[in-house]
Amino acid sequence: MAESIISPFYVRVSQISSEPVPQHRKDTYAWLAPKLLDSRPGILRQASNSIYLTAEQMRQSPSAIQNLLRPPAEASSRECLIILDLADNPYHLLREIFLYHVADTVVRWLRQYERCKIVVLLPLMPPSSSLFWEIDRSVRSGSRDEVGRLAVLASDGEYRYFFLAAADLNRYRISQMLSNDDLRAQLRSRIVRKRGHYAFAGRHGIHCSRFFFETGAADRQIGDLVVRWAEEKIRPHVRGGRFTLVSHGKHAQRFHEAVAGAAAALGSKFAELDLDTGLGMDQVDGAIALVLNVVHTGDTYKKIISMLREKNFHLAPEALTVLAVDEELPHNYAQPRLSPLISDLPRLKVAKDECEQCVIGLPHTDPPDDELVSIRAFDMWDILRDSPFHPEPYGPSSRLRPRLPLVPDMRQIFSRHGDWIAHKIGLLLAKLEIDSDVVFISPEEPIIDTLTTRLSEIRQNRQIAIQIPRPVLDAEPMVTEVRANRNEEWHRQLRHLGEQDQQNIVLLDEFVRSYSTARAMVNLLRSEEFSEFGMRVKAYVPIVDFSNGSESPIMKTYPLYRLPLP
Amino acid sequence: MMPGGEESPHEASLGLLYHLLRDKDPKGLDELDPGEHALRRLILLADYAWRSYDLAPSTKAHLDSFVIDALAADRGRPWRALGSAPPGTKPVSTKTVDVAILTILLEEFEATVTAFGALPTTSARTSQPFYEASVSCEHSPEALSVVITKAARPLNVHAAAPLARLREYYRPVITILVGIAAGHPGKVSLGDVVVPRNVLYYEPARLTATGLQLRPEHTAPPDPYLYGFDLYDADAGPFGDRMGSHFAELPIDRRPQIESDAFQPAVHGANTSIASGEVVLRDGSLIGALRDRFDEKIHAVDQESYGFAESSRGTSWLIFRGISDYGDPDQPRGWKRLAAASAAHCLRDFLERGYLPANSSGF
Amino acid sequence: MSTSGAGPGANSILDFADRVDIPSIERRLPEGPAFIADPMLGVVRLSAATDFDSVGLLRLLSLAASRRKAGRQVRFELPRDPYARHVLRRSRFAVAAEMVLRTPFRLLVRREDLAYFGEEAPLQTVSSGENSALGSVVSYLAEQGHFGLSPYRVDSQKGLTRMLDKEVACWRSYAMVELLTKVLREQAIDVSRVIVQELVANVVEHPLSSVAVIASQIKLPVVGAQGAGDVLTIAAWDDGSSIIETLRRCLNEVGSVRAWSPDVADTFAVSRTASPGRSVRYASDWTPGPTASDEELLLASLFPGITRKLSRNSVDSLSPAAPGTDYGYGLFALYKTAIDHFGGSVELQCGRIMLRLDRALETGPYRAEIMTRENFDLLSGTFVTVNLPVYDG
């Protein structure tokens with residue numbers, strides 16, 4: 001008997017362009033297929049790239065998915081297993097109309113290809129009232145055989161129409177979930193360590209810090225970790241299992257909301273603690289389980305405990321802090337034990353009269369209100385002091401400009417400070433009102449990859465990064481090289497991008513000197529291959545501007561720091 | 001200029017000098033190649049030179065002296081000395097002011113100073129002039145403090161520097177560009193005032209096979225009501241009479257020709273745009289072409305509005321332009337001063353009767 | 001008309017006291033037509049109000065918008081009670097009023113009420129109903145602006161996209177999903193995925209709209225005592241052409257409003273307040289013809305496959321070139337999810353017609369009650385309200 005054909009489709013919605021299918025999904029298909037074929041042999045045809053619908057298509061023409069999904073050529077004559085994988089999409093983006101069209105496609109294929117099995121992977125099972133369940137009505141009114149050839153499986157292990165062995169369902173469910181370690185890793189990657197000159201009040205007066213830790217991008221991770229902590233460490237140890245989550249943290253609204261969400265999940269009361277106004281008795285039920293955003297010296301923590309005890313509130317035996325910075329956490333047997341989620345972030349705390357920035361007369365930086373997009377000179381050279389300078393390792397062809405004899409080690413800078421630089425770029429884009437569906441186009445250099453990954457983690461917005469190989473940007477004439485690369489990933493992505501009406505294209509680069517790279521990227525977008533699309537760049541963002549203050553000849557340029565080279 | 005502003009040149013200079021002086025004794029940099037160290041300090045020096053360029057002369061002289069210390073091996077003051085500056089070299093702490101007015105041409109500056117009865121300030125030690133005044137405001141319990149200044153040079157690209165200098169000394173609640181512009185003859189008359197809702201920058205070009213194609217950029221004041229200008233009725237107040245009197249009081253030789261008996265400029269707001277570019281208009285055709293191609297609401301064209309708007313991004317701003325000509329070779333005599341006066345008096349009337357202060361408490 | 005004893009030439013006044021909510025506003029709506037038409041200054045007196053309901057506030061704004069559309073001014077008298085002012089503030093009433101009435105809020109209130117501008121929130125901001133665990137979370141989220149009024153400029157594609165992105169982000173935020181998971185009977189994320197998305201998508205369908213406002217509120221049950229008024233309400237109003245107007249225009253131009261016929265046949269038992277005790281059956285595959293009444297058009301707007309997107313009306317720049325199976329699903333998906341999934345109800349209001357839809361039994365027909373209220377104000381635009389019952393978590 002001929003082997004079955006296994007044909008997965010990795011489907012993504014509200015995307016800007018197609019992307020490679022992630023390895024973990026390919027592994028899932030390879031694991032799932034034998035189980036659905038009862039271990040019969042099959043030829044797995046892994047797709048390289050996703051099938052996608054843009055946000056605009058999801059709004060105006062979600063039926064487009066029907067044209068994008070094509071069954072394998074052998075579907076009429078051979079046994080096939082088709083995997084429609086929508087599980088990697090945020091569930092809230094799967095519009096009802098879109099699910100209806102997916103269902104319609106499934107029903108058509110079941111009827112047309114009698115030897116095909118179809119499994120649909122979803123992030124969550126839609127409710128019974130969903131238009132997706134047109135599948136149900138259609139297959140139950142069809143032959144019994146259709147029901148037997150269909151399966152729907154959600155990432156939480158819920159399923160319809162078939163079953164895997166319980167152990168396999170559990171394994172699938174676990175593979176889609178995040179462990180505590182995963183959550184902590186995600187939390188860490190979303191913390192932004194902002195550089196500046198921050199003032200903190202402590203027991204011994206004002207002290208200054210070089211860093212402020214921003215946790216706003218990690219609200220889900222914080223919420224889930226707080227829930228797990230409370231269930232394990234608080235509920236079993238308080239009378240009647242009753243407690244109130246009380247949060248404290250300055251300039252951290254998303255942190256407080258995360259804790260409020262955790263309180264809802266736990267069925268406990270919630271209150272945000274303001275040290276000036278305190279807490280009313282009617283706001284608390286049971287023991288107080290304290291959750292702090294950041295603990296520095298522990299002085300504020302002691303003050304909070306003292307204040308709560310004075311009012312005769314009962315405290316849970318443990319308190320939680322998202323971040324604890326370099327000093328040892330205070331531990332006094334009279335206080336609840338303080339546990340951190342992340343504890344090894346250095347802060348560089350100094351007393352005000354020893355603070356270099358205070359001594360030389362630099363004002364304090366106000367974290368939420370006063371944030372400049374560009375990098376302060378003090379901070380920039382603080383970073384550069386710790387980074388070696390070396391000859392420019394790569395860049396435009398020497399025909400366009402000579403390599404720079406000395407440039408900072410951007411790889412090291414991005415690796416140490418990439419979160420903050422990504423945060424600055426996010427801030428810039430927000431101020432320019434370019435804050436969703438952003439396409440970053442950059443030369444194909446490894447450092448930019450690091451930066452766009454951090455951007456994606458911190459901004460949590462839809463974005464895509466397209467990297468153009470250097471030989472293409474340096475080619476003269478460019479058109480020949482561009483045409484020769486028609487089958488390359490970047491070329492395909494640009495063509496897809498060009499077909500969309502609304503493009504938020506931002507050029508990203510490590511630095512600018514002569515604008516030759518920027519000019520090349522713009523010329524690429526205007527080249528014959530793409531000129532019909534009229535692609536337009538919204539901004540050019542080189543991290544450092546070495547161009548000696550010359551005006552950009554092409555488009556608006558927003559460097560994070562201008563550093564004129566002598 | 002970056003949206004939301006940039007670090008002040010003084011603060012940047014202090015930060016750079018700190019590193020220059022500190023680096024003199026490179027503890028922890030023992031492994032650094034001497035050549036690399038020297039080149040790095042050269043780059044740091046170049047950065048300082050660039051950033052300190054626009055500082056007030058006395059401040060710059062004081063800070064420059066630290067550069068010598070930084071190069072003087074074991075001699076010279078340590079970085080801590082940066083914190084103690086002689087009197088007169090530290091800028092005065094920035095003062096909050098309700099309204100900052102930027103003008104470009106001398107006629108504009110003089111007309112505005114006269115309209116507001118402003119007097120020169122002694123606190124800012126700089127070659128850029130600062131004149132201060134106050135005006136009453138119906139929607140504010142206190143009179144509004146006003147500062148008027150003048151840019152050294154015209155054109156969009158030069159609008160950033162005078163604004164940066166202004167912000168070294170003042171923290172304005174709103175910044176307003178006042179001056180003259182060329183108008184579209186079908187829409188405005190000489191002496192009229194245009195307060196645009198939209199600013200178009202028409203210089204960015206896209207090269208195509210068929211030639212230069214203009215692709216304008218847009219920006220608009222952040223407040224959709226233009227801080228109350230949307231609801232301001234110039235005709236309901238004294239602006240018209242004031243301008244009539246102003247015109248009548250002009251010496252004959254300075255009084256431009258008008259067709260009617262009295263000078264009664266109209267004020268155009270609501271649905272108007274202004275186009276801004278680097279080209280000085282002289283052929284009379286550009287405004288019409290821009291209207292036809294991009295925005296039929298263009299009432300006027302100038303050379304500074306867009307640069308001003310971009311440099312003010314993230315803050316409150318408005319533009320008041322008096323129409324002095326129609327951008328054609330026939331430059332009518334005497335209208336520059338009068339148009340500038342129209343814009344300045346209109347602004348004053350608006351501040352007194354219609355302005356909703358940008359920092360007034362919301363409900 | 002409540003004119004407080006004033007004689008001819010006096011301002012016309014709509015007076016509200018205590019809790020300002022939909023029922024109290026509906027009681028006053030018969031005064032609406034006169035209020036809108038009166039050439040004197042129209043005053044909405046809230047000085048004796050003690051609490052507000054966001055959807056009620058939105059209905060009040062739609063009334064004020066009608067007056068503005070008639071070229072007449074409106075003023076609000078702000079509440080004397082500090083807590084009531086705080087609720088008004090927290091609901092973002094000022095921002096919404098500014099956008100709907102296109103006037104800075106300072107110019108929409110009495111001069112003496114300017115003294116309330118910039119005041120600090122009263123210390124006691126927890127009302128008596130918010131002392132439960134979930135109540136404390138609701139109270140906190142309300143203070144952070146998660147409920148209340150959210151106004152949007154929608155006269156551009158950018159504005160519409162921004163509205164969709166912002167509303168979806170708000171309703172799928174971690175805290176909101178965790179709260180709703182506790183109090184709704186079904187999967188909370190479907191509020192964002194279906195209810196909010198389709199409400200907003202429906203706004204997009206109304207031509208000539210420049211402002212849209214989304215209003216929301218939640219009333220949690222008192223512990224152990226579930227009541228009919230314990231609901232999560234999400235409503236959307238816009239000032240564009242109404243559902244009835246757009247379908248009528250399409251019917252007149254093209255002769256049909258059905259893009260296609262899906263294989264679905266929900267049944268509706270339709271009653272009219274004008275004919276109590278009588279109900280007529282409609283099926284969702286019914287197609288209204290040129291003689292269909294406005295009430296029937298409003299009902300048909302819920303049916304799958306019914307859409308205005310057959311018309312190439314030049315006024316409506318949002319019309320696509322050709323119909324297809326992507327259109328006419330939004331309100332269908334909305335009511336299926338609101339009613340069948342969450343056990344709630346949907347209301348549509350256009351002009352003087354209100355349609356209320358729910359279902360008594362899971363397997364029975366949908367109940368559609370249609371009221372034509374001749375003495376009410378002619379609501380401009382479209383008002384869609386979804387009510388989802390909430391339970392003691």
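Which side chains meet in a salt bridge at 2.8 Å, N to O? Select Arg95(A) and Glu198(C): their side chains form that bridge. A salt bridge here is a side-chain nitrogen of Lys or Arg within 4 Å of a carboxyl oxygen of Asp or Glu.

Before moving on, note the ground rules. This is a predicted model, in which local features need pLDDT of at least 70 and side-chain atom pairs count only at pLDDT 80 or more, while totals for chains, interfaces and linings use all residues. Residues are numbered from 1 along each chain as its sequence is written, chains are lettered from A in the order in which they are written, and side-chain values use heavy atoms, without hydrogens and water.

**Stop 1: chains A and C.** Show both chains. The count of salt bridges between them is four. Now colour α10(A): it gives the largest share of chain A's side, 10 residues. Helices (H or I, at least four residues) are DSSP runs, numbered from the N terminus. Chain A and chain C bury about 3900 Å², 52% of it on carbon and sulfur atoms. Buried area is the accessible area (1.4 Å probe) lost on putting two parts together, summed over both.

**Stop 2: chains B and C.** Select nine residues of chain B and the 17 residues of chain C in contact with them (heavy atoms within 4.5 Å). This pair buries about 1200 Å², 67% of it on carbon and sulfur atoms. Look for salt bridges here and the count is zero. Polar contacts join five residue pairs, both at pLDDT 80 or more.

Key. Polar contact = N/O pair within 3.5 Å; in protein donor to acceptor, adjacent residues only side chain to side chain. Helix = DSSP H or I, 4+ residues; strand = E, 2+ residues; numbered from the N terminus.
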